[in-house]
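Please read these points with the model open beside you.

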Amino acid sequence: MRLKLFRGFSLFFTIFIGIGAFVGGICMLIKPDGSILHMEGMLVYFKVLPFSDVLFKDYIFSGISLIIVNGITNLITFIYLLLNKKIGYILTPIFGFTLMLWICIQFYMFPKNILDTLYFIFGILQLLCGYIALVSLNQENFKFNELDYPYINNTSDTLVIYFSRMKYTKKIAYEIANEAKCSIYEITTPERTNGTLGFWWCGRFGMHKWKMDINLDIDINKFSKIIIVTPIWVFRMCSPIRTFIIDNKDILNTKDVSIIFNHFNPWLPKKAISEVKSYININNITSFTTMLSHTFKKKNNCLSKS
Ligand SMILES: Cc1cc2nc3c(=O)[nH]c(=O)nc-3n(C[C@H](O)[C@H](O)[C@H](O)COP(=O)(O)O)c2cc1C
């Protein structure tokens, strides 16, 4: 639904901006004095730009630039979007940003006017809609299959325990359990966590640093080593993992415990580490960044052996 909606918005903005820029540019080339667009009197404002004596004596250079920078680019992006090619989703926010930069030059040159402000807002909207469409496309194409991890061994005395809303953290947990040939367990919650509403609901729990009810049907006493894998919610561990850690802190403090954080931002918030350490002793801390459905382990991880 979200992908369909924001792909629709992206199609609208790219065709609207693309045709507008293309037609505007052609009008400038047909009548370089700007008379078709009633812009004859505006050439004087171009004097603040470098090389204005050469480039802005008339509207030829402006017309060519407009056609290339905002016209052809957006029209090509529109066609890619129409064909449902990923490159169209990548280019939409880029050309939204390009439009914003273009309008910034106009803000600098022209007196305040409503059209510039409107087109700057269109640039912001194109950037946002394109970005949301790109994120939604990546989420839809994200692949995870438990059968790809054949070495998980549920008789091992090492346990990987995790919570995951969108399967990004789940994939990290499975990769670690598969590599370590150990057991794995998914913490679930009866609270709403799916979809856009679930995102905001989880955000509410994250913001208040609340615990969240969990379903836990495993005896962690039988494991000597426990690796906890958690997404970051509002700069801290997610609420279901918070519940797990707080409710089991006495047992966890008798075990060899490591924690792995997964987050969107390129950095791991320090508060996330200090909160976990306020409950339990941690032997090893690792951090992953998941951006646009691609996960990167942080290099030179200075957090290890903290
Ligand atoms: C409610 C909520 C709050 C979030 N807050 C942050 C945050 O403060 N910093 C960050 O880098 N990522 C944040 N994220 C992004 C997640 O940590 C990231 O998308 C992670 O890959 C999600 O893993 P999952 O899909 O397995 O649950 C948040 C996600 C949610 C749902």
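This is a predicted model: local features need pLDDT of at least 70, side-chain atom pairs count only at pLDDT 80 or more; totals for chains, interfaces and linings use all residues.

The points below go from the overall layout to single residues.

1. The domain assignment of the protein chain gives domain 1 as residues 2-141 and domain 2 as residues 146-297. Their centres, taken over C-alpha atoms, are 44 Å apart.

2. **Where the domains meet.** Contact involves 5 residues of domain 1 and 4 residues of domain 2. On the domain 1 side, helix H5 (residues 114-141) supplies the largest share, with 4 residues. That side divides into 2 nonpolar, 2 polar and 1 charged residue.

3. **Helix H4.** Helix H4 covers residues 86-109, 24 residues in total. From its first C-alpha to its last it reaches 36 Å, close to the 34 Å expected at 1.5 Å a residue. Its buried residues include Tyr 89, Leu 91, Phe 95, Leu 99, Trp 102 and Ile 103. Gly 88, Thr 92, Pro 93 and Gly 96 are among the buried residues of H4 too. What do they pack against? The buried residues of H4 pack against helix H1 (2-30), helix H3 (60-82) and H5. In general, an α-helix has 3.6 residues a turn, so residues three or four places apart point the same way.

4. **The largest nonpolar core.** This core has 38 residues. Val 160, Ala 173 and Val 229 have the most contacts inside it. Several elements each supply at least two residues, including strand S1 (158-162), helix H6, helix H8 (239-247), helix H10 (270-279) and strand S6 (284-291). S3 gives the most, with 6 residues. Another core lies apart from it, with 21 residues, among them Ala 21, Met 28, Ile 67 and Tyr 89.

5. Ala 173 lies in helix H6. Why does Ala 173 count as buried? Ala 173 counts as buried because it has 27 C-beta neighbours inside 10 Å, and the cut-off is 20 or more. Leaving aside neighbours within four places in sequence, Ala 173 is in contact with Val 160, Tyr 162, Ile 184 and Val 229. Ala 173 and Val 229 are 56 residues apart in sequence, yet 6.3 Å apart in space, C-alpha to C-alpha. Not counting residues up to four places away in sequence, Val 229 touches Val 160, Tyr 162, Thr 169, Ile 172, Ala 173, Ile 176, Ile 260 and Asn 262.

6. **Around the ligand.** There are 21 residues around the ligand. Which of them come nearest? They are Ser 164, Arg 165, Met 166, Thr 169 and His 263. Helix H6 (168-180), helix H7 (195-207), strand S3 (225-233) and strand S5 (256-263) each give two or more residues to this shell. H7 gives the most, with 4 residues. By class, the shell has 10 nonpolar, 8 polar and 3 charged residues.

7. **Two lysines to check.** Lys 167 is found in the loop between S1 and H6. Its phi is near 80 degrees, a positive value in a residue other than glycine. Lys 209 sits in the loop between H7 and S3. Lys 209 also is not a glycine, and its phi is positive, about 55 degrees. Are these lysines buried, exposed or partly exposed? Lys 167 is partly exposed, because 15 other C-beta atoms lie within 10 Å. Lys 209 is partly exposed, with 15 other C-beta atoms within 10 Å.

Definitions and conventions: Residues are numbered from 1 along each chain as its sequence is written. A residue is near a molecule or strand if its C-beta atom, placed from the backbone, lies within 6 Å of it. Ala, Val, Leu, Ile, Met, Phe, Trp, Tyr, Cys and Pro count as nonpolar, Asp, Glu, Lys and Arg as charged, and the others, Gly among them, as polar. A nonpolar core is a set of buried Ala, Val, Leu, Ile, Met, Phe, Trp, Tyr and Cys residues joined through C-beta atoms within 7 Å. A residue is buried if 20 or more other C-beta atoms lie within 10 Å of its own, exposed if 12 or fewer, and partly exposed in between; C-beta atoms are placed from the backbone. Two residues are in contact if their C-beta atoms, placed from the backbone, lie within 7 Å. Domain bounds come from an automatic or database domain assignment. The expected span of a helix is 1.5 Å times one less than its number of residues.
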